[in-house]
Amino acid sequence: MTPSILPKLWENGFRTTKSRYWSDLIPPGVCNLLNPSTIYANNEVDLDEVEIYGFDYDYTLALYSNTLDTMIYNTARDFLVKHYKYPEGISKYDYIPNFAARGLHYDIQKVNVDSHRGLNPVPDEEVLELYGGTNHVPLEEVSGFYGKGPVMKQFMDVFSIPEMTLLAAANDYFNSNDIEYDPGHLYKDVSDAIGMVHIKGYMYKWIMQDLEKYILRGDETYAVLHRLASHGKKLFLITNSPFSFVDKGMKYMVGKDWRDLFDIVIVQADKPHFFNSCGKPFRRLDSNGDLQWDKIKSLDKGQVYKQGNLFDFLRLTGWRGSKVLYFGDHLYSDLADLMLRHGWRTGAIVPELEVETRVVNTEQYAQGLTWLQALTGLLERMQMHRDPESKKVLQDWLKEREELRAVTKNLFNPHFGSIFRTCHNPTYFSRRLCRFSDVYMASISCLLNYDLSYTFYPRRTPLQHEAPLWMDQLCTGCMKTPFLEEMAHIR
């Protein structure tokens, strides 16, 4: 190749190819390839072997509307101002829907929420300087096993989204008004203010007063539980929420006899300590919800238990190993110990999947990602051309590649992008999801699309050193979901 051949190839070939790219290289129907009701597998799971199904309550059996996030944010913000005497100016910061995303890290000392200071992004150069010129945060600073490190916290549950937004708003106010503050105290105060919403029972009160406003898709929860019970599966509930709250929500979704479906009901379990400590014994609640002090020798159907621990649970039930499948939304508090220490099967509920799948199915995303991959391939293959004209073309490609990255990121969330991927790499949340869950889905209603003897197989994704010898679009999750038409009346 002559030194200046690259610009000519671009003008005469690649630029023309781009205009024809969408019809030639994107397969027909690719924009409707993924089904939001699909269950995805990280490990092979045969439902025929599962005899016992366990559930968390909040954001697992009960999904909540986004209105709840606004209520939590507003109440915690007002608590900061009125009780902790924070500046009145913070009251002017309204809740920003879709600002924060699950899985973000908050650096307490550097007051960063994943490369954002306050509500504004921090330039890449400054982020590198903050962390000693490296793209990697030191291991000792990263959040620990349950998402809490010495200087960093990872926000992993849906309830943490208002907390991240309030942290960002308070930081933004102080920075905008050039007010010095202790970042450690700010983090603690915001965390305590959010905690007060739960401790004082505000959230429970709001939901119980207007179940129809806050609880979504209760008919699907009803359908899932009845289907499992009618097939002879044992069901149990382990939740941190109080019984009065759970009881009212379950009666709304499932009916007044909802407890007849469950073999064991445990409330105020204090997860994750329930799964990793043997300190708290089980206590029984009577029909009025009052605590009884008799020694628990068995966990019986029809009773409601409080606190306890998994070690006594295993001893009293004998429910061990892969015949148990437990569903929860919090990767650390609900699933990590069960997967790594106790050998249960785990299912992660990731409500964001539904929205992100719809984004991936759009023509704009398919075209952007396809051309992004094409540009990356061109850069890799043509980088050895060093003449001035070729360098100019390469620089144009690099610039366009960065622009495409920003566009595809913004389709998910203009501030932080997808919760599953950052550019070409999986996010930390995505890596934890793969480590701590056997299967994951948008909601438990996805179970309605599969036969109870169905086997989930993980998709074989090529490693960097492997050739892509199989058709990725024919793999798990991309074909039509089995039994979906038969269960269409549920959605």
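Pro272 lies in the loop between β12 (264–267) and α10 (273–276), where helices are DSSP runs of H or I with at least four residues and strands are runs of E with at least two, both numbered from the N terminus. The peptide bond that leads from Lys271 to Pro272 is cis, with omega near 10 degrees. The model is a predicted one, in which local features need pLDDT of at least 70 and side-chain atom pairs count only at pLDDT 80 or more, whereas totals for chains, interfaces and linings use all residues. Residues are numbered from 1 along each chain as its sequence is written, and side-chain values use heavy atoms, with hydrogens and water left out.

Two or more lining residues are given by each of β9 (152–154), α4 (160–176), α5 (183–199), α6 (202–209) and α12 (331–342), and the largest share, six residues, comes from α5. By class, the lining has 12 nonpolar, 12 polar and 10 charged residues, with Ala, Val, Leu, Ile, Met, Phe, Trp, Tyr, Cys and Pro counted as nonpolar, Asp, Glu, Lys and Arg as charged, and the others, Gly among them, as polar.

Asp58 is found in the loop between β3 (52–55) and β4 (63–64) and counts as buried because its relative accessibility is 9%, the classes being buried under 20% relative accessible area, exposed over 50% and partly exposed in between, for a 1.4 Å probe and protein chains only. Residues up to four places away in sequence not being counted, Asp58 touches Tyr64, Phe159, Thr239, Ser241, Phe245 and Asp329, contact meaning heavy atoms within 4.5 Å. Tyr59, found in the loop between β3 and β4, is buried at a relative accessible area of 4%, and its phi is near 60 degrees, a positive value in a residue other than glycine.

A positive phi, of about 65 degrees, is also found for Asn98, which is not a glycine. Asn98 is placed in the loop between α2 (67–82) and β5 (105–107) and, at 59% relative accessibility, counts as exposed.

Asp438, in the loop between α16 (428–436) and β20 (439–441), is buried, with a relative accessible area of 3%. The side chain of Asp438 makes a polar contact with that of Arg345 (3.2 Å), a polar contact being a pair of N or O atoms within 3.5 Å of which, within protein, one must be able to donate a hydrogen and the other to accept it, and residues adjacent in sequence count only if both atoms are side-chain atoms.
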